[in-house]
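Here is a short note to read beside the coordinates.

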Amino acid sequence: MKYIHTTLLVFAVISSIFFTGCKKLFDQPDINNNPNAVTNIDLPTLFSGTLLGVSLLHEDTDVRIASMWSGQLSGLNRAHLGYAQYIVSSQNFSWNTIYSVAGQARLIQFKADSVGNKWGKGLGQILEVLAIQKVTDLYGDVPYSQAFDGKLYPTPVFDSQQNVYKALLNVLDDAIKNLSATSGSAFPTKDFIYKGDISKWKAAANTLKARLNLHLGNYAAAIESSKLGINSTGDALVPHGNSIGVDMNQNYDFFAVSRTGDTGFDGAYLPVLLRSRINSSNSKTDETAIFNYFFKTGITATNSLDPNTVDGAFVSSASHPILTYYENQLILAEAQARQGLLDDAIISLNSVRSRLASGTFNGRTLPTAGRKYEAYNLADFSRTGLANPTQSSNVQYALLYEIIAQRYIVLLMQYEVFNDYRRLAVALPVVELPIPLKVGSKKPQRFIYPQTEINTNPNVPKPLPDQFTKTAIYN
C-alpha cells in the first residue's frame, strides 16, 4: 500500500497505450521523472486510462477464481486446478492493480475539482466505487479511509467492511449529485463505455447503489435505486476487438490463447443447472440457445465442454459486462420478492425474460434456435407450477429460486456471482442453488490478504483470516 502513489500514473500510461495499440499518449517528461505530477496529465487522458483499468478489473484472474469458487467454471490444470480445490496462499493474491486504479479514480476527482468540473468528479467517484467494491467484496476489511495518502499514511488502517460499504454508498450519492449538475461541467471525453452520455452514467451509479443495498439486505433501498438504474439500452460493456495484445477480450485470450485447457465447464454446476432447466417440463422456457452460446463441445479435447470461443460468449471481440440491465432488473425482482411484492417481482423478472427472448445479450445476439422466454404469472410458481422445480408450496420461495437461478446464468464470468454464493446463505428467507463443493465441507468465503501487505502493513487483521472465514456482511 505504501507504494501506491509511485505506480498510479505509470499504470495509466500502460493502460492507455495498451488500449490504443501502442500509440504514445504521454509526451510530458515529468511523468517519467515524477509519477505524481498529475497536473501534466489532462483530465480526458486520465479518465480514459482509469476507465480501462476498471474494465480490466472485471476480466482478470480474480474474476476467474470467483467464478470457480461459485461453481460456474472448473479449474482443470496447473494453478487453476489448485484454485478450484480452494488451495491458495497469500502468495496467490495481489491488490496492487485494484488500488492503483482506485487511486487514479481519486486523482480524477482532484483534477476535476481543480477546474470545477462536477461531471468529471462524478465519473471519478463511480470508478472509485467500482474498484473499492471489488476489493472489499473479495477480501472483507480493507484500507480505504487512509488508502490514498502514502506520505501521511504509509501503513493505512483496515476499515471494517460495513464502514467501507457505508462510505461507498455516500460516494455514490455524491456522484449522482455531481452528475446532476446543469452548468459548469464538461464531459472529459474518451469514454469508450457510454460515449459521453451522462444520463447513462447516472443510471449506472443507481444500479451500483442497488447492488450494494442488495448485499446489505436493504431491500427497500435497493428497489428505489434500481428503479432509477440501467435501462434496456444502458449496459456498461467493455468493447473489444480481434488484435492480440491490443483489444481482444481477456477471457478469449485466457481460454483460447494463453491458457488453453486450464479451465473449462466440465464438472461445473452452471451447465448442470442449464441442462436441468432445458430438460424440465417448463413449456414457457427454452434455454438451449444460451447453453450453446456459453459452451462448445470438443475444442480442447474430445467431448470436453469448453468456453465457446468460436461463435459464442467468448469470441475475441465479445464485449464484457461491468453493469447491465439484466443485473439491475434482477436486483429489483429479488428485492421486491423478498419484500413480499410478488406481482411486482414477476413484472421485473418478465422484463428480463422479454429481453432474453429478443436475443440481446451483452451487446451480441443469442442464437434463434432454442430461445424461448414467455412471460410468467403467479400461478407458474405454485407447488405444481411449471416454474417451480423444487415443488415448494411457498410461492415466494419458488419465485426467489427462479430469480436467483436466472442471476446465476446471466451473470456468467462476473464476480458478482461469488457475492451471491455467499450472500444467499444468510439472506432471509434463505434460498440457495444446490451448488456442490469441490472438496471438503467448507465453502470458500474470501480471498486471502496478499503477502506483500502482510509484510509491510502492521494493521493487517490478526489472526489472519483464511479462505474459509466469512466476511462481515455475509456472516
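1. Start with aspartate 380 and lysine 284. Their side chains meet in a salt bridge, 2.8 Å from N to O. The two partners come from distant parts of the chain, 96 residues apart. Aspartate 380 sits in the loop between strand S10 (372-373) and helix H16 (395-410). Lysine 284 sits in the loop between helix H12 (269-278) and strand S4 (285-286). Keep in mind throughout that this is a predicted model.

2. Are these two partners buried or exposed? Aspartate 380 has a relative accessible area of 7%, so it is buried. Lysine 284 is at 13% relative accessibility and therefore also counts as buried. The cut-off for buried is under 20%.

3. Arginine 211 forms a salt bridge with glutamate 416, with the closest N and O atoms 3.6 Å apart. This pair, too, links distant parts of the chain: arginine 211 belongs to helix H9 (residues 198-216) and glutamate 416 to helix H17, 205 residues apart. Arginine 211 is buried because its relative accessible area is 3%. Glutamate 416 is buried because its relative accessible area is 2%.

4. Which residues join arginine 211 and glutamate 416 in a network? Salt bridges with shared partners connect Arg211, Glu327, Glu334, Arg338, Arg407, Glu416, Asp420 and Arg423. Side chains of opposite charge can pair when their charged atoms come close. The structure as a whole holds 21 salt bridges.

5. For contrast in setting, take aspartate 113. It forms a salt bridge with lysine 121, and the closest N and O atoms are 3.1 Å apart. Aspartate 113 counts as partly exposed, because its relative accessibility is 44%.

6. How many cavities of 30 Å³ or more does a search of the whole structure find? There are six. The largest cavity holds about 130 Å³ of space. Helix H13 (288-294) and strand S7 (320-323) are the elements that give two or more residues to the lining of this cavity. The lining has 14 residues, and Ala313, Phe314, Ser319, Pro321 and Asn362 lie nearest the centre. By class, eight lining residues are nonpolar, five polar and one charged.

7. The second largest cavity has a volume of about 60 Å³. Its lining includes Met68, Trp69, Ser70, Gly71 and Tyr86. Gly267, Ala268 and Tyr269 are also among the lining residues. Tyr421, Ile435, Pro436 and Lys438 line this cavity as well. The class count is eight nonpolar, three polar and one charged.

8. At 15% relative accessibility, isoleucine 435 is under the 20% cut-off and so counts as buried. Leaving aside neighbours within four places in sequence, isoleucine 435 is in contact with Ser70, Gly71, Tyr269, Tyr408 and Tyr421. The C-alpha atoms of isoleucine 435 and leucine 273 are separated by 9.1 Å, although these residues are 162 residues apart along the chain.

9. Check the cis peptide bonds. One joins leucine 428 and proline 429, with omega about -5°. Proline 429 is in the loop between H17 and H18. Another joins lysine 462 and proline 463, again with omega about -5°. Proline 463 is in the segment after H18.

10. Check the positive phi values too. Lysine 190 is not a glycine, yet has a positive phi of about 50°. It is found in the loop between helix H8 (161-179) and H9. Lysine 190 counts as partly exposed because its relative accessibility is 42%.

11. Methionine 413 is another residue other than glycine with a positive phi, here near 60°. Its place is in the loop between H16 and H17. Is methionine 413 buried or exposed? At 1% relative accessibility, methionine 413 counts as buried.

Definitions and conventions: Residues numbered from 1 in each chain as written. Predicted model: local features only at pLDDT ≥ 70, side-chain atom pairs only at ≥ 80, totals over all residues. Heavy atoms only, no water. Buried < 20%, exposed > 50% of the residue type's maximum accessible area, 1.4 Å probe, protein only. Contact = heavy atoms within 4.5 Å. 1 Å grid on protein atoms, 1.4 Å probe; cavity = no way out; pocket = protein on both sides within 12 Å on 5 of 7 lines; lining within 4 Å. Points joined across faces, edges and corners; volume = space filled by probe spheres on them. Helix = DSSP H or I, 4+ residues; strand = E, 2+ residues; numbered from the N terminus. Nonpolar A, V, L, I, M, F, W, Y, C, P; charged D, E, K, R; others polar. Salt bridge = Lys/Arg side-chain N within 4 Å of Asp/Glu carboxyl O.
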